[in-house]
Amino acid sequence: MKSNYFNNVVNSEYSRKNDGHIEYGTAGFRTKSDILEHVLYRMGLLAVLRSKAKKAAIGLMITASHNLEPDNGIKLIDSAGEMLEVSWEMIATNLANTLDSDLISMLVHISTKENIDLSVPATVIIGRDTRKSSPILLKAALAGIKALNGHVIDLGLVTTPQLHYIVVCTNTDGAYGDPTLQGYYSKLAAVFKSIRGTEINNGKYISELQLDAANGVGAIAAREFQRYLKDVLDIKLFNDGSGDLNHMCGADYVKVQQTLPLNIPSEKSVRYVSIDGDADRVVYFYIDGNNKFHLLDGDRIATLVAAYFKELLETSGLSLQLGLVQTAYANGGSTDYISNILKVPVACVPTGVKHLHKKALEFDIGVYFEANGHGTVIFKNTTKEAIKNQIKNEMLSTTQRVASSKLRDVIDLINETVGDALSDMLLVETILHAKGWNVIEWEKSYNDLPNKQLKVRVKDRNIITTTNAERHCLTPVCLQEEIDKIVLKYSRGRAFVRPSGTEDIVRVYAECESSSDVNKLAMEVASLVYRLADGVGPEPSLS
Ligand code: 16G
Ligand code: MG
């Protein structure tokens with residue numbers, strides 16, 4: 001009897017203490033930490049079932065990424081290191097919201113419907129960020145896992161991408177790397193050093209950067225990298241955990257506010273890097289001689305990386321298909337540059353890492369980045385084989401061989417499982433070093449179109465539905481038609497609206513050629529949404 005198996009799961013310490021509905025969204029459950037304990041307990045139970053279903057280890061990460069300290073969250077990491085399969089998001093939502101009295105029957109239902117063999121052993125690998133609420137939530141998740149006799153590997157404080165990495169290493173018997181934190185640091189550091197060679201500076205590139213770690217768990221990882229890379233890269237660390245998490249610092253703050261984070265000394269033309277609270281997003285920025293702030297976001301990183309791979313592929317003589325995946329938030333300037341100058345195929349998908357990752361798998365080498373700085377590069381197994389075979393080819397010229405070997409090495413610098421701020425940073429540093437570029441040279445490749453994002457509060461954000469990778473609105477009727485009319489008035493104008501997956505708001509994005517017009521365009525579209533989609537509270541404003 002399946003229900004006997006679940007006899008131990010009812011635990012009054014973790015009963016459902018509030019009636020609010022909670023949803024497994026784009027990046028798991030995320031909300032105020034004090035209403036999450038029973039959700040963590042239940043996700044501990046679910047992680048055991050998922051592990052049995054996949055007959056492999058599953059990851060469970062406790063974090064609310066770039067949200068402020070009072071929030072927390074949880075996401076499950078699937079056995080191949082990717083985000084939880086979409087069909088299980090609904091299962092997670094149902095389990096989190098079920099009444100305590102229905103908990104056993106819900107678990108029986110899930111295991112029957114998913115045809116889970118309950119005799120299969122389960123392993124759950126757990127990580128958490130530095131939030132004060134994380135240890136209490138960890139205890140709840142552990143209780144859930146233990147109630148179903150799951151085996152736990154508790155990694156303690158880790159970045160989200162480190163957990164993804166260790167899940168893959170565990171499930172591939174070490175083929176992807178040693179499934180430990182030390183294995184992670186030493187793999188990335190070793191290849192970074194070997195590609196860099198003895199010349200740590202090159203041309204305009206100086207091996208020194210200032211890193212804003214958002215006062216999050218990334219600061220711990222950055223300190224480890226400081227140690228591993230001390231002779232080759234000088235990482236000056238700010239917002240190192242001594243201040244408030246994500247408070248006026250970190251990648252999300254810098255990207256949205258387009259300004260310097262707190263506590264960073266303002267020096268001209270220095271390479272600054274910001275990562276977010278769980279270190280899966282990264283952006284670069286600098287201040288010019290006139291004190292103007294310049295942002296080099298996910299689009300810039302994507303184009304830098306795609307151009308680098310294109311060059312290496314051409315030089316190596318390998319015929320592999322390189323592609324780039326973006327979302328509607330990608331600046332039109334970057335998309336034009338990729339399509340018209342780099343001539344690399346570019347695809348656009350809906351917001352959310354799982355959509356980008358899935359599309360990138362279609363290319364031999366798939367580069368994907370959201371403008372907010374989340375992204376990575378993924379390689380098909382056949383690509384890795386082709387590169388290895390190319391190196392063995394005796395007919396190669398020295399230039400071709402060097403480029404092929406570089407391709408092989410650089411793959412090891414990349415965390416293919418998910419966007420990894422620190423691995424991405426080491427990749428950017430490697431490319432800038434190879435090109436002999438400082439940030440100013442990097443920024444010269446193309447011009448961003450001025451852009452603006454606004455939030456609109458409406459009665460029900462789900463009344464807005466979209467298609468064509470969120471670039472067109474289907475409902476409310478007439479909204480798209482009206483947006484089109486507004487956009488037409490602006491040279492190189494583009495705007496779209498979509499309901500947020502993480503906040504109860506509608507997001508408006510606008511870009512056009514003129515920086516003096518872009519606020520006007522964004523405001524016109526935001527006011528339209530407010531009018532046609534039942535806006536509530538104060539009318540949209542630029543602040
Ligand atoms: C989450 C997503 C991120 C997306 C953002 C959009 C993951 C791991 N993270 O943070 O990819 O850009 O949500 O938020 O999927 P929004 O729906 O509120 O605009
Ligand atoms: Mg994050």
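The UniProt annotation "domain: Phosphoacetylglucosamine mutase AMG1", from an unreviewed entry, covers residues 180-283 and 297-437. UniProt positions are given in the numbering used here, feature names are shortened, and annotations may be inferred rather than shown by experiment. The model is predicted, so local features need pLDDT of at least 70 and side-chain atom pairs count only at pLDDT 80 or more, while totals for chains, interfaces and linings use all residues. Residues are numbered from 1 along each chain as its sequence is written, chains are lettered from A and ligands numbered from 1 in the order in which they are written, and side-chain values use heavy atoms, with hydrogens and water left out.

Residues 180-283 are 33% helix and 15% strand, with end C-alpha atoms 27 Å apart. Residues 297-437 are 56% helix and 13% strand, and their end C-alpha atoms lie 17 Å apart. Helices (H or I, at least four residues) and strands (E, at least two) are DSSP runs, numbered from the N terminus. A further UniProt feature from an unreviewed entry, "domain: Alpha-D-phosphohexomutase alpha/beta/alpha", is placed at residues 52-87 and 122-174. The span 52-87 is 14% helix and 33% strand, with 16 Å between its end C-alpha atoms. For residues 122-174 the values are 49% helix and 25% strand, and the end C-alpha atoms are 18 Å apart.

The magnesium ion (ligand 2) is coordinated at 2.0 to 2.2 Å by S65 through OG and by D276, D278 and D280 through OD. Donors are N, O and S atoms within 2.8 Å of the metal (3.2 Å for Na, K and Ca); water is not among the atoms, so the site may look incomplete. Along the chain, the donors of the magnesium ion (ligand 2) follow the spacing S-x210-D-x1-D-x1-D. S65 lies in the loop between strand 2 (58-62) and strand 3 (71-77), and D276 in the loop between strand 8 (272-275) and strand 9 (282-287), so the pair ties together parts that are 211 residues apart in sequence. S65 is buried, at 4% relative accessible area, and D276 is also buried, at 0%. Buried means under 20% relative accessible area, exposed over 50%, and partly exposed in between (1.4 Å probe, protein chains only).

Helix 5 (residues 134-147) has 14 residues and should span 20 Å at 1.5 Å a residue, which agrees with the 20 Å between its end C-alpha atoms. The expected span is 1.5 Å times one less than the number of residues. Buried residues of helix 5 include L137, L138, A141, L142 and I145. The buried residues of this helix pack against helix 2 (37-54), strand 2, strand 3, strand 4 (123-128) and strand 5 (151-157), where contact means heavy atoms within 4.5 Å.

Most residues other than glycine have a negative phi, and most peptide bonds are trans. N291 has a positive phi of about 65° although it is not a glycine. N291 lies in the loop between strand 9 and strand 10 (293-296) and is exposed at 52% relative accessibility. A cis peptide bond joins T475 and P476, with omega about -5°. P476 is in the loop between strand 17 (472-475) and helix 17 (479-488).

The structure holds 33 salt bridges, each defined as a side-chain nitrogen of Lys or Arg within 4 Å of a carboxyl oxygen of Asp or Glu. One of them is formed by D448 and R300, whose closest N and O atoms are 3.5 Å apart. D448 lies in the loop between helix 16 (439-443) and strand 15 (451-456) and R300 in helix 10 (residues 298-316), so the pair ties together parts 148 residues apart in sequence. D448 is partly exposed at 29% relative accessibility, whereas R300 is buried at 2%.

The side chains of K435 and E311 also meet in a salt bridge, at 3.0 Å from N to O. This pair links distant parts of the chain, with K435 in helix 15 (residues 421-435) and E311 in helix 10, 124 residues apart. K435 is partly exposed at 25% relative accessible area, and E311 is partly exposed at 43% relative accessibility.
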